[in-house]
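Please consider the model shown below and follow its organisation from the division of the chain to the packing of individual helices. The account is intended to be read with the structure in view.

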Amino acid sequence: MKRAAIRYVVPTFGAPEAAALGEAFKSGWIGAGVYPRLFEKRVARAAGMPFAAGVNSGTAALHLALRLAGVEGGEVLTTPLTVPATSHAILYNEATPVFCDVEPETGNLDWRRLEERVTPRTRAVLVVHLNGHACDMDPILAFARERRLALIEDACASAPGDGLYKGKPLGSMGDLGCFSFSGLKNLSALDGGAVVHRRRAWEQRLSRLARLGQAVGPDGPLPPPRGVAELGYHYRISDASAVIGLRQLERWPEFSGRLEAIARRYHEGLAGLDSVAPPRDQPYARRSLHYFPVRVAGGRKAALRAALSARGVETGDWLSCNHLQALYKPYRRRLPVAERLAREFLYLPFHPRLRDAEVDRVVDAARAFARKPR
Ligand SMILES: Cc1ncc(COP(=O)(O)O)c(C=O)c1O
C-alpha cells in the first residue's frame with residue numbers, strides 16, 4: 001500500500017517503549033500482572049483524581065463509567081459531535097441518548113440547550129471535551145448538581161492532566177472521567193483506557209466489572225476467583241499496554257513541548273486565511289494536544305483534503321454527527337450547529353515526530369489551496 005509522505009498520526013514509540021516491554025517480558029507478566037496497578041496510580045496522579053481504573057479502551061471506560069452512574073432505563077443528555085464510542089456507551093447501558101446542540105466556537109455541548117431537553121427520566125449528562133478543548137464546565141456542573149444528575153466527562157481526546165478548564169484537569173470535575181490511550185493518540189498504550197473518580201467504593205466495583213465480574217484479592221496478580229457477583233466484561237488493561245503507557249506518561253512533557261512548537265508553527269503559517277482556520281481557544285481552556293483541527297469554510301473540506309493528499313499530506317476526517325448515523329435514527333432531531341461543524345472540521349498531521357520542514361509543507365499546501373479560486 002502506498003503511504004502518504006506526511007502521515008497524520010504516528011505513535012512516538014522507540015527505544016524507551018521497547019525497553020519497557022522488555023522489562024515486562026523478563027518479569028513474566030504481560031497479561032494480568034503488576035503493571036496495571038502502577039499505571040492506574042500514575043494516571044490518577046496525572047489526572048488529579050484519587051482513583052483510576054485501567055481498562056483496554058476509551059470505549060470500555062465510557063461503558064463502565066455510565067454503568068456506575070446508573071443510567072440504565074433512563075435518558076442521558078449528550079453531544080452528537082463525537083466518535084461513535086461516546087453514544088454507543090449509552091446504548092450499551094440500555095439508556096436513551098438525548099442529543100443536544102453544540103457551541104459554534106468549540107463544538108462542545110452547549111449548556112444553554114440542556115434545560116429544554118431535561119425530563120424526569122434524565123439520569124446523567126455526558127460531555128465530550130472535543131479535540132481536547134474543555135467544555136464550559138461551570139454552568140454544566142451547576143445544571144447537573146441542581147438536578148442531582150450524574151456528570152461524566154469523555155476526556156478521551158486529552159492526555160491525563162494536560163487539558164485544563166480554569167486550571168482544573170479535564171476528567172476531574174464531574175463524577176467520572178474517561179481517557180483513551182489508543183494507537184491514534186499522541187499518548188498511547190497500544191490500546192487502553194482509564195476511568196478516574198473519587199469514590200473508594202467504586203474502585204473494587206470497576207476492577208470487578210473489568211474482570212468478568214470477579215473480585216481481585218490483595219494476594220498477588222492472579223488470585224483465586226472470588227465468585228462472580230455480577231455480569232462483568234473482559235475489559236482489564238494488559239501488562240504490555242500498562243508498561244508502555246507508564247513510559248509514555250513519563251515522556252509526555254517531552255512530547256507536549258514538541259507538540260506546542262508544532263501548533264505554534266501551524267498557527268503562524270495559517271494566520272490570515274479565511275477558508276482554513278486553525279483552532280481558537282476560549283479564555284477558560286488550555287487545550288490538550290492530541291489533534292490539530294482546522295475549520296474549512298464554504299463546503300470545501302473534501303476539496304482541501306484532496307488537494308493536501310495530492311501533495312502527499314494525509315489528513316484525518318473522522319468526526320461526524322452520531323444522530324445522523326442509521327443506528328441513531330430513533331433519537332434524531334435537527335441540530336444545525338453540530339451538523340455544520342461536522343462538515344467543517346479536518347485534522348492536519350500532528351505528532352511529536354513531525355519535522356518543521358513537514359509542517360511548512362502542510363502549511364504551503366493549505367495556503368496554495370486557499371489562494372485557488374473556487
Ligand atoms: C472523544 C472520544 N471518545 C471516545 C473514544 C474511544 O476511545 P478508544 O478508541 O480508546 O475506544 C475516542 C477515541 O478516539 C475519542 O476521541
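The model is predicted. Its chain is divided into domain 1, covering 15-248, and domain 2, covering 252-371. A distance of 25 Å separates the C-alpha centres of domain 1 and domain 2. Across the boundary, 33 residues of domain 1 are in contact with 33 residues of domain 2. On the side of domain 1 that touches domain 2, the elements giving two or more residues are strand 3 (81-82), helix 4, strand 4 (96-99) and strand 7 (164-165). Of these, strand 4 gives the most, with 3 residues. By class, this side of domain 1 has 15 nonpolar, 12 polar and 6 charged residues.

Helix 4 leads on to the ligand. The ligand is surrounded by 15 residues, and the closest are Ser 57, Gly 58, Thr 59, Cys 156 and Ser 180. Helix 3 and helix 4 each supply at least two residues of this shell. The shell comprises 6 nonpolar residues, 8 polar residues and 1 charged residue.

From helix 3, the residues Gly 58, Thr 59, Leu 62, His 63 and Leu 66 take part in the contact, meeting Ala 85, Thr 86, His 88, Ala 89, Ile 90 and Tyr 92 of helix 4. This contact of helix 3 with helix 4 has 6 nonpolar and 5 polar residues, and no charged residues.

The axes of helix 3 and helix 6 come within 11 Å and cross at roughly 130 degrees. That angle makes helix 3 oblique to helix 6, and helix 3 passes helix 6 in a right-handed crossing. Here helix 3 contributes Leu 64, Arg 67 and Leu 68, while helix 6 contributes Trp 202, Arg 205, Leu 206 and Leu 209. The residues of this contact divide into 5 nonpolar and 2 charged, with no polar residues.

The remaining contact joins helix 1 (residues 15-27) to helix 7 (residues 239-270), which pack at an angle of about 145 degrees with their axes 9 Å apart. This crossing, too, is right-handed. Pro 16, Glu 17, Ala 20, Leu 21, Glu 23 and Ala 24 represent helix 1 in the contact, and their counterparts in helix 7 are Asp 239, Ala 240, Val 243, Ile 244, Leu 246, Arg 247 and Arg 251. By class, the contact of helix 1 with helix 7 has 8 nonpolar and 5 charged residues, and no polar residues.

Notes
Residues numbered from 1 in each chain as written. Predicted model: local features only at pLDDT ≥ 70, side-chain atom pairs only at ≥ 80, totals over all residues. Contact = placed C-beta atoms within 7 Å. Helix = DSSP H or I, 4+ residues; strand = E, 2+ residues; numbered from the N terminus. Nonpolar A, V, L, I, M, F, W, Y, C, P; charged D, E, K, R; others polar. Near = placed C-beta within 6 Å. Domains from an automatic or database assignment. Axes fitted to C-alpha atoms, helices over the stretch in contact; angles between N-to-C directions. Left-handed = near helix turned anticlockwise from the far one by under 90°. Parallel < 35°, antiparallel > 145°, perpendicular 65-115°, else oblique.
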